[in-house]
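Visitor: Please show me the model, and then let me ask about it piece by piece.

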Amino acid sequence: MDTKDRKEAKESDRVQCCIVGGGPAGVMAGFLLARQGVGVLVLEKHRDFFRDFRGDTIHPSTLELMSELGLLDEFLRQKHSEMREITVHFGPDVVHIADLRHLPTKCKFVAFMPQWDFLNFLSSHAKQYPNFRLRMETEVTELLFENDRVIGVRAKTQDGTLELRADLVIGADGRSSIVRERAGLEVIDLGAPIDVLWFRLSKKASDPPQSFGFVGTGQFMVLIDRDDYWQCAYVIRKGSLAGIRERGLEAFCDEIGRCAPFLSNRTGEVRQWDDVKLLNVKVDHLKKWHREGLLCIGDAAHAMSPVGGVGINLAIQDAVATANLLAAKLESGRIEEADLETVQKRRARAAQLTQRVQIFLHEHFLEAIFDSSEPISPPLPMRMLEKYPRLRRLPARIVGVGFRPEHIGPHHAFPKEEARGGN
Ligand SMILES: Cc1cc2nc3c(=O)[nH]c(=O)nc-3n(C[C@H](O)[C@H](O)[C@H](O)COP(=O)(O)OP(=O)(O)OC[C@H]3O[C@@H](n4cnc5c(N)ncnc54)[C@H](O)[C@@H]3O)c2cc1C
């Protein structure tokens, strides 16, 4: 950072809203608040958005929001693939789980786009508002308090420590949130019996189209189409990685080939254990998402399992509700804890209902798979979905839209060129 930048950092050490975490919740909340005229600074600990362990799903409800923001056409011009049906392979049998083609949304598909592209897209639009700032490589380490109210954050940067004061701090720092921990917010841990092994394998022209899951004997794997390769999410019992590693890399590669046989000719592309990342899955929620001066949203408020691929949608919906409910309050000056409570009241039920569905699937679908020593056939609810196509509209609704879809609220007319320089 040169002297000029240092000076700018010093001058901008007070903002209306400081958002910790540049994931889907943080970037979307920053964008929408800035669009409403609020001075926002998003702090992200990484140098860029390029981390391949992020989910890639952009749900129909998020696409609806893009449309409400007038960005849908441009968004769909970005490289992406579209999934209109969700299927699970049980050995040679393919079961149709969800049919998104009947959703009451403009886009009747889940768009798959690498999350770094999605976040770059959102942040590039947010940056058109001069009152939006995104600061990368800035890791929040502490909250600042005054009389029990959160009044800002302390962060580690390349150039030392940054102390920043804010009328409101939003914790959008994901499932290992330091913000919620430092704020002493009580976490209700719902438990997750799974972790995910994350690795990539090349894609070939002859491969089956984007699907969802592959069930093998005691195995479940999800494949995400990233154009020239498959991002593989191999679901394991929590804590079982040590045993898998003990059996050796070759045995692991054979296991993958048994789960999705079309991949067996390339599992050798996993050359070392370093190519396989362990992603720790948590399902929890905060009893209270807020305290004076602080609100948590997204995974920081309710860590989601990857099951169903809905966590990004919920994070985005929280961000929309936050902007709708709080922008005017932030603009008017001091924001009260009761204002923050309105966000939890609006969003907590949708998050908890979704978590219940995820836990049901952990207990009744994944546990049954892990417990089986023989190929299993689709469970009864899945057989019903296969037999009665109309039933597939319900899971499509849960995955594609969620329990309480939000809409972009009225815009307080802060066009980009006139937006306040709140930072
Ligand atoms: C293995 C796995 C696969 C998943 N796949 C999918 C999927 O396909 N589809 C889906 O919808 N959901 C998926 N999920 C769930 C989804 O990833 C989350 O629900 C979603 O990312 C939550 O968004 P968020 O913005 O709240 O948090 P995150 O996406 O976790 O973003 C938090 C951000 O905060 C930053 N940060 C953290 N700490 C600090 C700090 N101290 N200071 C500054 N910045 C910080 C992080 O670098 C990160 O950028 C998956 C989850 C797992 C575990």
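The questions and answers below go through confidence, sheet, helices and salt bridges.

Guide: This is a predicted model, in which local features need pLDDT of at least 70 and side-chain atom pairs count only at pLDDT 80 or more, while totals for chains, interfaces and linings use all residues. Residues are numbered from 1 along each chain as its sequence is written, and side-chain values use heavy atoms, with hydrogens and water left out.

Visitor: What is the mean pLDDT of the chain?

Guide: pLDDT is the predictor's confidence in each residue, from 0 to 100, and 93% of the residues reach 70 or more. The mean pLDDT of the chain is 90.

Visitor: Over which residues does pLDDT stay under 50 with seven contacts beyond four places in sequence?

Guide: Where pLDDT is low, the predicted coordinates should not be read in detail. A contact means heavy atoms within 4.5 Å, and one stretch with pLDDT below 50, residues 417-423, has 24 contacts beyond near neighbours in sequence. The stretch with seven contacts beyond four places in sequence is residues 1-11.

Visitor: Which are the edge strands of the open sheet of seven strands?

Guide: Strands (E, at least two residues) and helices (H or I, at least four) are DSSP runs numbered from the N terminus, and two strands pair if DSSP finds at least two bridges between them. The open sheet has mixed pairing and the order 6-5-14-15-16-13-17, with a twist that averages 25° from one strand to the next. Pairing on one side only marks the edge strands, strand 6 (93-99) and strand 17 (277-280).

Visitor: At about what angle to strand 15 does helix 8 run?

Guide: Axes are lines fitted to C-alpha atoms, for helices over the stretch in contact, and angles run from 0 to 180 degrees between N-to-C directions. Helix 8 (residues 249-259) lies across strand 13 (194-202), strand 14 (213-216), strand 15 and strand 16. Its angle to strand 15 is about 80°.

Visitor: How many of the twelve residues of helix 5 are buried?

Guide: Buried means under 20% relative accessible area, exposed over 50% and partly exposed in between, with a 1.4 Å probe and protein chains only. Among the buried residues of helix 5 are Trp116, Phe118 and Leu119. Helix 5 is largely enclosed by the rest of the structure, because the buried residues number nine of the twelve.

Visitor: With which residue does Asp227 form a salt bridge?

Guide: A salt bridge is a side-chain nitrogen of Lys or Arg within 4 Å of a carboxyl oxygen of Asp or Glu, and by this rule the count comes to 28. Asp227 lies in the loop between strand 15 (219-225) and strand 16 (229-237) and its partner in the loop between helix 4 (72-77) and strand 4 (81-83), so the pair ties together parts that are 148 residues apart in sequence. Asp227 is partly exposed at 45% relative accessible area, and its partner, with closest N and O atoms 2.5 Å apart, is Lys79.
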